Amino acid sequence: MYNTVAAKKIAFLGWAFKKDTNDTRESAAIYVANDLINEQAQIAVYDPKVSQAKALADLDYLESRTKEANAKQLQSFASPYDACHGAHAIAVLTEWDEFKTYDWQKIYDGMQKPAFVFDGRNLLHRVEMEAIGFVYQGIGS
């Protein structure tokens with residue numbers, strides 16, 4: 001992302017440890033968000049079962065910064081389209097099945113360009129995402 005995420009909006013699709021649960025214990029999203037906030041990124045979260053209060057409590061537990069600083073850098077959304085609107089990048093961090101069914105063209109159209117997708121669950125189809133115009137990076141196995 002051109003060597004910096006400072007002041008960039010990063011949309012997280014998923015905060016829970018795994019799909020179909022609101023369990024956030026040891027979720028990768030907590031640590032990814034913490035590192036990105038340390039770099040001054042703005043985090044926009046959509047998870048169908050995890051509230052903003054829970055996401056903030058997870059960050060606050062790390063004691064990396066004040067509760068007020070966490071609240072300033074992280075916001076949850078009721079809609080994935082709202083979370084992704086204006087984002088510079090999307091990080092897929094939970095393998096919710098619904099993520100595969102989104103109107104990815106609509107999401108792409110509402111994002112900053114170039115629009116990055118970092119798929120931490122290899123849930124999406126690289127060829128389809130790249131055909132839309134995303135800079136796609138699958139992470140892990």
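What kind of unit do strand 1, helix 1 and strand 2 make? In this predicted model, strand 1, helix 1 (residues 28-38) and strand 2 form a right-handed β-α-β unit.

Strand 1 covers residues 9-13. It is mostly covered, with 5 of its 5 residues buried. Lys9, Ala11 and Leu13 point one way from the strand. Ile10 and Phe12 point the other way. In a regular strand, side chains alternate between the two faces of the sheet.

Strand 1 pairs with strand 2 (residues 42-46) through 5 bridges, and the two run parallel. Here Lys9 has Gln42 as its bridge partner. Strand 1 also pairs with strand 4 (residues 89-92), again in the parallel sense, over 4 bridges. In that pairing, Ala11 has Ile90 as its bridge partner.

Asp119 sits in strand 5 (residues 116-119). The residue is buried, yet it has no salt bridge. Which side chain of opposite charge is nearest to Asp119? It is Arg121, 7.2 Å away.

| Backbone nitrogen | Distance to Asp119 side-chain polar atom |
|---|---|
| Arg121 | 3.2 Å |
| Leu124 | 2.8 Å |

What else does Asp119 touch, leaving aside its neighbours within four places in sequence? Asp119 is in contact with Val92, Leu124, Tyr136, Gln137, Gly138 and Ile139.

Notes:
Residues are numbered from 1 along each chain as its sequence is written. This is a predicted model: local features need pLDDT of at least 70, side-chain atom pairs count only at pLDDT 80 or more; totals for chains, interfaces and linings use all residues. Side-chain values use heavy atoms; hydrogens and water are left out. Buried means under 20% relative accessible area, exposed over 50%, partly exposed in between (1.4 Å probe, protein chains only). Two strands pair if DSSP finds at least two bridges between them. A crossover is right-handed if, with the strands pointing away from the viewer, the path from the first strand over the helix to the second runs clockwise. Lys and Arg count as positive and Asp and Glu as negative; His and the chain ends are not counted. A salt bridge is a side-chain nitrogen of Lys or Arg within 4 Å of a carboxyl oxygen of Asp or Glu. A polar contact is a pair of N or O atoms within 3.5 Å; within protein, one must be able to donate a hydrogen and the other to accept it, and residues adjacent in sequence count only if both atoms are side-chain atoms. Contact means heavy atoms within 4.5 Å.
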